[in-house]
Amino acid sequence: MQIREILTLKSGDIHSIAPTDPVSSAVAKLVGLGVGSLVVLENGEMVGLLTERNVVQGMLKQGGDLKDAKVSTIMVSEPVVANADDSVDYARDVMTKSHIGHLPILDGNKLLGIISFHDVARACLKEANFENSLLKRYIKHWPE
């Protein structure tokens, strides 16, 4: 299964924020949208990724006070990315090894979307259930 297939199951919405926006706006957006990450866009191009984890780490780094902090101070400026034609197994592997929960998906330089580890797990379970049903059908009709 390819990452592209996961993207077809998700809405095409890409939630974003500017690097110059205050972290408080980013937190409000994360909570309001019920998402775990925001793409950081500048002039229409991805310049980083901001996740809930980055906010928590930023709080620790800034002594708990992010009141005046800008998104650019706590975002990941070079996030791990994947290609739409990469396999779901590749996504699972890179996310596990990199300890990340959100993976931007590119097609060349074009951002297609973000997948979460939850999306990857759901796709893997769906694929495993399909294979399981095929095996059960095969065993049920086993020649004696």
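Here is a short tour of the overall shape and the strand pairing.

This is a predicted model, where local features need pLDDT of at least 70, side-chain atom pairs count only at pLDDT 80 or more, and totals for chains, interfaces and linings use all residues. Residues are numbered from 1 along each chain as its sequence is written, and side-chain values use heavy atoms, leaving out hydrogens and water.

The protein chain has five helices and six strands, taken as DSSP runs (H or I, at least four residues, for helices; E, at least two, for strands) numbered from the N terminus. In sequence order that reads α-β-α-β-β-α-β-α-β-β-α. The radius of gyration is 19 Å, well over the 15 Å from the globule rule for 144 residues, so the chain is more spread out than a compact globule. That radius is taken over C-alpha atoms, and the rule is 2.2 Å times the number of residues to the power 0.38. Along the principal axes, the C-alpha atoms fill a box of roughly 75 × 30 × 25 Å.

Now for the strands, which pair if DSSP finds at least two bridges between them.

| Pair | Bridges | Direction |
|---|---|---|
| S1 (residues 16-17) and S2 (residues 37-42) | two bridges | parallel |
| S2 and S3 (residues 45-51) | six bridges | antiparallel |

Val-39 in S2 sits opposite Ser-16, and in S3 the bridge partner of Val-39 is Leu-49. The hairpin of S2 and S3 has two residues between the strands, and Asn-43 there takes a positive phi near 55°.
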